[in-house]
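Open the model in your viewer and keep the sequence panel beside it. Each stop below says what to select and what to look for.

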Amino acid sequence: MKGTHLGEFEELVLLIIGVLYPNAYGLAIKQEIANQTKRSPAIGAIHSALSRLEEKGFLKSHLADATHERGGRRKKLYEITASGKQAIEYNRSLRNTLWNQIPALAWKNL
Amino acid sequence: MKKYSPPKWALSFLRFFYKERYVEQIEGDLFEIFLRDGSTRKAKRQFGWNTIRFFRLRYLKGIDDYEQLTTLAMIKNYLKVAIRTLIKQKSYTAINISGLAVAIASTLLISMYILHERSYDNFYPDIERMYRVANGDNGRWTPTLLAQTIQAEIPQVEAATKVNGLMESFLEAGNQGILQDGGLWVDENFLSVFDIELLKGSKEYALSEPDHMILTETIAAKFFPDKEAMNEIIEIDGDPFKVVGIVSDPPKNTHIPYKYIASNPVDPEQKYYWSGNNTFTYAKLKPTARRGDVSIMLADLYEKKVGPDYIAYTGHESFEALVKEYPNRNFAFTLIPVIDIHLKKSHFTLGTQGDAESILIFSLIALFILIIACINYINLSTARSAVRSKEVGIRKSLGSQKKNIILQFITESTLITFISVILAGLLAVLSIKLFNQLTQRAFDVVDLITPGNILVLIVLLVFVGPLAGSYPAYVMSRFNPIDALKGGITKSGKATLRNILVAFQFATSVFLITVTLVIYLQVEYLKSQDIGIDINNTLVVNNGIQLESKYDVLKGQLEQIPSVELVSKASHVPFYGFPDYGYKVPDGSKSFSPNNAFLAPGVEKMLNMELLDGRFFRKDFIPDTASIIVNEALVKELGWEDAVGRKLRRDNIDYTIIGLVKDFNFASLKREVEPLIIRYGWDAYEIGIYHQRFILVQFSSKNLRKVYEEVEEQWSQISGGYPFEARFLDETFQLQFEAERRFGMIFTTFSGMAIFIALLGLFALTTFILQKRFKEIAVRKVMGASVPSLIRMIIKDFTKLVLAGSILGIGGSFYWLDDWLQEYSTRIELSWYLLTIPIAIILIITWIVVSTKSYKAAVANPSKALKDE
């Protein structure tokens with residue numbers, strides 16, 4: 001099902017939004033990703049991931065008050081929706097299931 | 001450290017390209033980054049770079065972002081308001097649309113006409129090397145042997161053909177017989193010179209025999225509606241011809257509009273004279289040939305071939321002596337490009353003549369009408385602007401921008417143009433018949449669809465509409481809303497320019513009225529001239545030759561009809577065209593070519609010719625075959641004191657002058673009476689068959705139709721089925737004014753249009769001036785001015801304009817008419833009363849329009865005008 005598939009970067013963004021709750025917005029997400037993963041995605045990439053996720057229904061957003069440091073622009077704060085939660089949970093359980101199925105022997109020679 | 005702010009271009013870039021709902025987020029984040037980086041120069045660069053990195057399909061505006069709400073809704077709103085305004089101001093809209101529609105319709109028709117006229121003969125693939133061979137500079141007729149001689153003797157000539165026509169003949173096939181025009185008589189080279197392909201039949205074989213003919217599709221279908229025309233026999237004036245080919249109808253823009261082609265080769269048995277000019281010659285040069293070289297060879301050929309025959313006839317010692325005596329004549333054959341025939345050398349055409357001058361007149365008229373209509377449009381709209389200044393004021397205070405107001409007015413003008421274009425199309429289609437009459441062409445509705453016309457329409461719709469609307473739109477959009485609401489804005493545009501334009505319109509109207517009037521008066525004057533003979537009550541029957549000896553039977557029968565007084569015959573009849581024959585004074589001192597006609601005894605009585613000296617011919621008096629009667633003009637030309645008893649020589653026969661007639665007009669009232677020799681018309685047809693080409697019937701009855709029918713009945717009984725063709729002599733006389741009549745019609749039509757459009761301009765100006773002086777009129781009225789005095793005040797201004805324009809128009813028309821009248825030997829004088837009539841007409845029309853308009857303003861309640869402040 002294409003509409004609900006989560007890409008790796010999208011999953012990361014979704015998780016970070018959860019971590020930052022309730023203050024997740026574009027730039028904060030970028031910084032958190034930088035802090036946690038040492039990756040530095042372009043701000044444009046974050047924005048497009050956010051709008052993709054919103055279109056898929058995994059995120060909802062509302063506008064906060066304007067602040068000075070944003071040149072009078074309002075922040076758009078994101079939250080995870082129920083179906084967003086379902087999507088990351090699905091990914092997580094899929095991963096766990098797969099983990100559990102790996103025989104211990106597989107790690108033996110590492 | 002210096003604080004930088006984010007680059008402006010980047011912000012505009014964002015707003016321009018990116019969807020509105022994303023812009024705020026993107027900008028906010030970029031600002032935060034910028035601040036975090038310390039508002040440095042580097043941060044500023046970074047800001048720009050980041051902006052560009054957002055350039056992703058997802059954020060870009062799509063079609064639906066542009067057609068969002070505002071624009072689409074505004075266009076809808078512009079249209080709605082435009083339609084409402086047009087409906088509200090009905091008279092203004094009607095005037096505007098009708099003015100433009102008339103102008104566009106005439107432009108469409110005229111551009112179609114010009115395109116057609118300029119396209120003549122351009123469909124021949126080898127047109128640039130096709131020439132007509134002229135005799136001298138302008139002689140249409142050439143010797144019969146010319147075509148075959150130049151083909152044989154001038155190597156640069158690829159092919160040459162001799163052509164005669166177009167002729168009207170009696171065509172008979174099966175039991176169907178009709179008088180058919182458009183007969184072209186040619187030799188076997190015709191098809192290759194003109195590159196004509198046959199639809200059926202072989203090009204090589206088609207004109208190889210003297211009894212072959214080719215039909216156009218139309219004629220083939222006419223004569224053989226339900227069978228194959230090929231190999232059928234058609235009798236042309238009694239001689240059988242075999243149909244050996246079918247061609248498609250020639251295009252409308254050909255100077256040879258033939259309907260059938262008959263073979264007419266040079267007869268090897270017959271002796272032809274180089275001094276006799278009986279045929280037209282066309283030549284196609286080889287692609288490598290130079291026109292100049294061929295011209296020199298043609299001049300040599302003339303001297304070598306025509307020279308000896310010519311001096312034998314004129315009696316000069318040598319060709320050089322002949323050339324010396326007539327230094328103004330070009331004794332040579334010359335080349336006329338076929339492409340030039342229709343417009344530049346139109347007397348060479350075999351179809352209807354074109355006229356380069358009328359093309360120029362037409363183009364100027366079209367241009368003039370179109371420009372005036374556009375100017376009128378602007379005048380009318382600016383005149384309306386004062387009325388609409390409040391609307392503009394309200395729109396502006398409610399937040400309309402300059403752009404919106406301009407667009408509103410442009411929408412209105414485009415809508416008007418659009419409706420006008422549709423109406424103009426209808427008008428053009430409806431008037432195409434009248435236009436055909438004016439121009440003597442056969443245009444169809446489909447001919448209106450030319451690339452030129454499509455271009456005209458596109459230009460009108462795309463440019464003229466918006467352009468005509470843009471000036472008033474610009475003026476009005478600049479109104480200060482406060483002034484506009486106060487009603488204080490009345491000035492718009494310069495009045496001087498408007499005055500000049502309106503005066504110019506009057507000038508044109510007066511010009512056209514004067515020209516129309518003078519043409520009319522001149523034609524009436526010509527018609528009222530005493531032509532010297534009685535042309536009433538005479539019916540002229542054509543094709544008398546067909547009767548042969550049965551003429552006597554017909555004559556006897558006709559004389560039985562009570563209303564018929566006299567029947568006679570003639571080789572030529574006044575106003576049908578007389579040929580000229582060469583004569584010499586017997587002592588050889590002078591040779592000349594007077595007009596020549598053979599009249600049977602009785603014609604002189606019928607036409608009531610006045611004898612000044614001597615006598616007329618006697619009936620059945622054989623010695624009179626060597627007698628001639630001459631007119632005064634001939635005596636004058638020869639410088640004689642008297643004429644009777646003198647002799648003139650032709651073909652070695654001396655003719656004795658037995659009578660002198662008073663000059664009478666027999667050709668055209670445009671020219672002086674020319675020298676004329678009347679010869680004895682034989683009664684016996686065996687000798688004088690050509691003397692009975694026309695049968696003249698004089699009658700006393702007033703019932704012309706009955707006379708015509710009675711003569712026709714006798715003809716049909718005796719002629720053996722040959723069609724009856726006759727016309728009253730006075731009717732033929734009137735026909736010579738056909739060109740003037742058409743010319744007059746063209747001018748009447750266009751004066752009507754020009755006056756119509758000028759009236760629109762007048763209307764606009766009146767409206768404008770009244771609005772401008774609205775308050776002034778009110779104040780005057782309050783102070784006690786009467787309504788008539790107010791109207792007089794307004795009229796005074798216009799009278800000045802009319803007079804100024806009229807002087808210009810009269811001057812122009814007199815200058816032109818003086819030139820035009822020079823063509824006529826008898827003509828009217830351009831006198832003072834001609835000055836007054838057009839001016840009076842225009843003045844009266846102006847007064848009517850202006851006073852009705854100003855009456856309304858003058859009787860209005862002054863408090864209405866004054867309470868505004």
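**Stop 1: the interface.** Colour the two chains of this predicted model separately. Select the contact residues: 15 in chain A meet 15 in chain B. Now colour the chain A side by element. Helix H2 (26-37), helix H3 (43-56) and strand S2 (74-80) of chain A each supply at least two residues to it. Which element of chain A gives the most to this side? H3(A) does, with five residues. The chain A side splits into six charged, six polar and three nonpolar residues.

**Stop 2: chain A as a whole.** Chain A has two strands and five helices. Trace the chain along its sequence and the order reads α-α-α-β-β-α-α. Chain A has 110 residues, of which 25% are buried.

**Stop 3: a cis peptide bond.** Stay in chain A and select A:Tyr21 and A:Pro22. Is the peptide bond between A:Tyr21 and A:Pro22 cis or trans? The bond is cis, and its omega is near 0 degrees. A:Pro22 sits in the loop that links helix H1 (8-20) to H2 of chain A. As background, most peptide bonds are trans.

**Stop 4: a buried strand residue.** Bring chain B back. Its mean pLDDT is 84, and 96% of its residues score at least 70. Select B:Val133, in strand S1 (residues 130-135) of chain B. Why does B:Val133 count as buried? There are 22 other C-beta atoms within 10 Å of B:Val133, and a residue needs 20 or more to be called buried. Show its contacts, leaving out residues up to four places away in sequence. B:Val133 then touches B:Thr142, B:Leu146, B:Thr281, B:Tyr282, B:Ala283, B:Phe333 and B:Leu335. Draw a C-alpha to C-alpha distance from B:Val133 to B:Thr281. The two are 5.4 Å apart in space but 148 residues apart in sequence.

**Stop 5: a non-glycine with positive phi.** Move on to B:Asp195, in the loop between helix H8 (190-193) and helix H9 (203-206) of chain B. Its phi is positive, about 50 degrees, though B:Asp195 is not a glycine. B:Asp195 counts as partly exposed because it has 14 C-beta neighbours inside 10 Å.

Stop 6: Select strand S2 (residues 157-173) and strand S5 (residues 233-236) of chain B. They pair antiparallel over two bridges. Across this pairing, B:Glu172 faces B:Glu235 of S5(B). S5(B) and S6(B) run antiparallel, joined by four bridges. Which residue of S6(B) is the bridge partner of B:Ile234? It is B:Phe241. Now zoom in on the turn. Two residues lie between the strands of this hairpin, and B:Asp237 has a positive phi near 45 degrees.

**Stop 7: a loop residue with a buried position.** Go to B:Asn543, in the loop between S10 and H21 of chain B. Its phi is near 60 degrees, again positive in a residue other than glycine. Is B:Asn543 buried or exposed? B:Asn543 is buried, since 21 other C-beta atoms lie within 10 Å.

Stop 8: Finish at helix H25 (residues 704-719) of chain B. Its 16 residues reach 22 Å from first C-alpha to last, close to the 22 Å expected at 1.5 Å a residue. Show the side chains of B:Val707, B:Glu710, B:Val711, B:Gln714 and B:Trp715, which are buried. These five lie on the same side of H25(B), because they cover an arc of only 135 degrees around the axis. In general, an α-helix has 3.6 residues a turn, so residues three or four places apart point the same way. The buried residues of H25(B) pack against strand S10 (538-541), helix H21 (551-560), strand S20 (694-699) and strand S21 (726-728) of chain B. Last, select B:Gly720, which follows H25(B) and has a positive phi near 70 degrees.

Technical notes
Residues numbered from 1 in each chain as written. Chains lettered and ligands numbered in written order. Predicted model: local features only at pLDDT ≥ 70, side-chain atom pairs only at ≥ 80, totals over all residues. Contact = placed C-beta atoms within 7 Å. Nonpolar A, V, L, I, M, F, W, Y, C, P; charged D, E, K, R; others polar. Pairing = 2+ DSSP bridges. Buried ≥ 20, exposed ≤ 12 C-beta atoms within 10 Å, placed from the backbone. Expected span 1.5 Å × (residues − 1). Arc of directions from axis to C-beta. pLDDT = per-residue confidence, 0-100.
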